[in-house]
Every structure is written in C-alpha cells, then in structure tokens.
Amino acid sequence: MRKKKLAVLGLGLCLMAGMLDGCGKSKESDTANTGDGRETQGLLPSENGNADAAQMTAPDTSMTQNGGSTEGSGGTEGADSGSDNLTAPAEDGGYTDGMLYNTDMSCDEAESDSYGYISEPPYVEGGQQYGEEYTEITENAFVSVREEPLSTFSADVDTASYSNLRRMIMSSWTSWDIPADSVRIEEMLNYFHYDYHGPRAGEPFGVNTEIAACPWNEDSYLLQIGLQTEAIDFSDAAPSNLVFLIDVSGSMYDADKLPLLQQSFAMLASSLTSKDRVSIVTYAGEDEVVLTGAKGNETDRIIDALNALEASGSTNGSAGIVTAYSIARDYFIEGGNNRIILATDGDLNVGLTSVQELEHLVETERQSGIFLSVLGFGTGNIKDNRMETLADKGNGNYAYIDSLSEARKVLVEELGATIVTVAKDVKLQVEFNSDIVSEYRLIGYENRALAAEDFTDDTKDAGEVGAGHSVTALYEIRLVRGDMRSALEHGNVGTLHIRCKKPDGDVSVPFDYEIGRESYSRVPSENIRFASCVAAFGMVLRESEYCGNMQIADVIELAGDINLGGDEYKEEFIEMMEILEMNDDAAREWRDMDTDGGWGW
C-alpha cells in the first residue's frame, strides 16, 4: 500500500509539471486521426483504472475493432459541441487533453501500453467549472420529533454518484475540485453490500436495524436501516426483453464513452440466454433501429451490431427514447423483464432537452410497464441531472460506468439486481417516539424526500428495488435525555413503516417493524461502522456543517480497524480516500512551490 501511495503521489506531481512541458500528454504514436484533421486518443480506460492508478494494464480491445475505435470517422460532420471541441479550451465547453485518457504514467519512462485517468481537474483559472451538471442539493437539517415525528422518503438503489466520485479522485482531482452536488451520500452507501439478513416468508425484504454511537458527534447516535432482497441466478430469472438505447452523437466520441460502452454491453450480451430478446436503438441527430428481437444467445450478432456503431452528430435523445419504448412494446413479454437500458453522457441538445420535458416524456411512457435504466459514461460534459431524472421517472436505476471493472460489477456480477425488479414504488417512513428521540436527521436522500401524506398515496412514484439489491439509510438522532440503553427501558425509538408494490401491481402493501432494544448494541457491527465511514466521507466532501471538525484523515483512521471481510470494493474505498488525501497534499505542495517562486499552475 505504501508503494502504491508513493507512486500515485509521484504521478500527481509529475503530471502537474506536465501541464507546462507536455509530459502529461499522450504519445504521438498513440493518437489517431478522426478524418477531419483532428487527432484524439483511441485507448479504452483500464479495467483496473478505478483501483490502482499506478499499475494499469490495457484491456482487450478486440470488441471495438469496428465502430468506436479511433480508426472510424466518428463525429466529423454535424457533431455537437462535445465532438467539435475535442481540443477546445474548457471555458468554451469543449475537451482538453486533460480530460482524456493518458498513455504516460511516469512521464518519459511509461510503457506505451499503460494508461489510466489523467491528472487534471475540470476547472479553469478563476474557478469556472467545466461542463458537468448536477442537481442542487440542500442538505437535510435536524428536525424536531414533536413537530414532525414522521420522516418519509423513497428507496434508492442508484450508485452513479459513487463511481463518478471515484472517477474524479482517480483523475487526481482534489477534494475542493469535486462539486458538492455530485456527492449523493445515499448512492455512496448503496454502492456496497452489507451483512444483512434476507427476507422472511411472505416479505419482499429482509429488514435490518441497528443503533450505535455516532463517531462524529458524541451527543448523538446513528440509526442504520437496511433492506435486503433475495438474490437470484439471472439464468433462472423470467425472460427479458431488453432494448439497448445508445447515444452515438458526437459527444460520445471519446475513449471513455462509446468504446467503453461497446465493451460494457458486450459483457451484458454474453450473460443472456435464448429466452431473452435484445433490440438496439441508437440516436444522434435522428434515431435509428439497428437490431430488433435478437435471441439472447445470438451473442456474435449482438456484438457485431454494437461494434458497428460510430459517434457523430447532434443529440436528439427524446426521439430515441420514444422509438425505444415502441420497440420494447413490440417485443413485450408478459410476466417477463421488460427494460430499456439507456447509455449516454446525458448531453441532449436537440428535441426535448430540459429536465422537466424529459421527466414528462418518461412518466408518460412508463405506464406501458416498461422500465428504463440509465448507464452514464464519460468525462467533462456529464449531464448527471438529466440521467438521474430519466432513471428515477422511468422506474429504473442509474449507474455510472467509469471502467470495465465497473461495467462487470453492474452488468455481470449484479445483473439480477440491475435487470430484475422485485418491488416497485418502495417507500419508507420512520415514526419516531417523541418520548425518546428529540431530533433526527436523515443523512442523504435529499432528492428522495416525500411528504408524510405521500406514503399511503399509491399514485406517488417512488424507487424500485431489484433482486439482490440492498437499501441502506442512516439517521443521526438525539435523545430527549440520558443514554440509549436507559432510554430504551422506557420505550422504542420508533417504528419503521414500509410500503411497496409488486412489479406489475398498482396497490401497495404495508409492512411495519419496531425499532427497539434489540437494535442497540454497545459494540457496533462492521455494517454500521463501515456505513458511518462512507457517510462521514461524503459529508466531508460536501463540507457539511454536521460532521464537526472531521477531515479525510479522521475518516481513514475511523475505518482503519474495520474487518472488511475481503470485500474488494470496500478495500478500494479505503484506498480511494488515501489517494484523495494525497491529491490534496500534492496540490498544496505545488501551491507552496509557486509561492516560493517555483513552477506555478
């Protein structure tokens, strides 16, 4: 670990110097002409790029020899701003070399086939942010139980915020480069698996609750709520009718967009069986039906269609969405999994483009019983706000794919959770006991909040949960008096109410669970200890007023002796915090050099 940390620190300093002398740019031999005189890099991001910035190897690129490789003509005529400005300055909304993938890992000594995320934050002088868009988040505050005893919110199984955050950190962004609104703590929590028990007979979820001391506030406690659905073997699941809706506009030209997308969907295609059906719809300036009703075991046919795709033109995503729903209806499977999987950077600039217009479109189309999930790709012009809205309103989930390893996690390891819905419109409501709890604060879920009366209103949309998914929520709570052990002698902390519908149902079913003495332990489990570290990290990044004086180093120390059980994703989380701390240290050292008369930014 120490060698890795030193390597990443050295890389960060070296590439900062490369901003002046060019050592952080790709080698001439690794560029390819786009057909209009422009050159760009044609390398796919490393499968391990999200876990080891100092030891990256090239993935197999055999799946991208056709469309999506650098030898194609992608994005030469009618390209939108993402393609036309591959080398435009950041203030013009285009790409710089710093937002592409880099072939030099150690300046002049790197091997030609090693590459990874390049070190350059998406800000220009004066602090102007690049072209990424996120929905504004106003952090939840403490609420008086006597005034509002009910806390109501929708379930959320999206994970995009976490992998997007990883992309930033592994690209050597500092903590102050990371947009606060890109940090959605609920998605960070739900990225990980926890040791939750599964559902009991007649219930869709295993319901887990735990209360422990709060690590950042000695006057508070944490309440963890965890729902766990039963995992399935996808080969045993009901047949699936899948429509791959793929953005092939000019903004998808870069290596971390269409080429990565093609390999990601090839992984998914390899996991399907003869009972499944696959169609492919693309959109740029206009939509095109590339493939219809292919059997899931026609893997070569599906991959050939994917490999033939090329990126060019503007982005009329709304037209593609309408066509995809039409194709999905044509091949609709009664009792099956009917789903559109939209892959895009979210940069829609033709047709319906506003969040409100897209929301209305998808809300109308979802009545057909077809779910819409979204996979986000790319760097620099990510429209996270639009992608999140499409997935939420389309009764689907939203993941961000920053590497082949993330594609494998979402589309292979967790395929059942991604594709197979076991409960829809899942709502949670905690009714706190005002005799025990004086105040509570839900950590995260700001854009999932519901009014108390929405809980029993079956016309109000909420989140969907797939097979094998877990949902985790944390509350910080303050007691009326005394400590938790003595308080629980006089009553329960509260009651957890859950309502949800079957995937094809219209009427919700209620479930109720008491949160009492059995939930409290003086010795917290590894579940709540790890979840509290994830939440604390998110709050530090958001510069929350509720995490006291906690810094990244404090969170790393807090996580130091947690038994991670060999979970590679949890281990990566610890490494990621360490790398971010080094990014910050390297940036401060560089600024000190500049102050002392050395090289500057």
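I'll start with a helix pair: α13, residues 526–541, packs against α14, residues 552–559, at an angle of about 175 degrees, with the axes 10 Å apart. Axes here are lines fitted to C-alpha atoms over the stretch in contact, and angles run from 0 to 180 degrees between N-to-C directions. The two helices are therefore roughly antiparallel, a label for angles over 145 degrees. On the α13 side, the contact (heavy atoms within 4.5 Å) involves Arg529, Ser532, Cys533, Ala536, Phe537 and Val540. Helix α14 contributes Ile552, Val555, Leu558 and Ala559. By class that is 8 nonpolar, 1 polar and 1 charged residues.

A word on the source: this is a predicted model, with local features needing pLDDT of at least 70 and side-chain atom pairs pLDDT 80 or more, while totals for chains, interfaces and linings use all residues. Residues are numbered from 1 along each chain as its sequence is written, and side-chain values use heavy atoms, leaving out hydrogens and water.

Now the whole protein. It has 15 helices and 20 strands, taken as DSSP runs of H or I, at least four residues, and of E, at least two. Of its 601 residues, 60% are buried, meaning under 20% relative accessible area with a 1.4 Å probe, protein chains only.

Next, α5, residues 258–269. How many of its residues are buried? The count is 12 of 12, among them Leu258, Gln262, Phe265 and Ala269. The cover includes β9 (240–247), α6 (299–307), β12 (337–344), β13 (371–376), α10 (404–413) and α11 (415–419).

Conventions:
Buried < 20%, exposed > 50% of the residue type's maximum accessible area, 1.4 Å probe, protein only. Parallel < 35°, antiparallel > 145°, perpendicular 65-115°, else oblique. Nonpolar A, V, L, I, M, F, W, Y, C, P; charged D, E, K, R; others polar.
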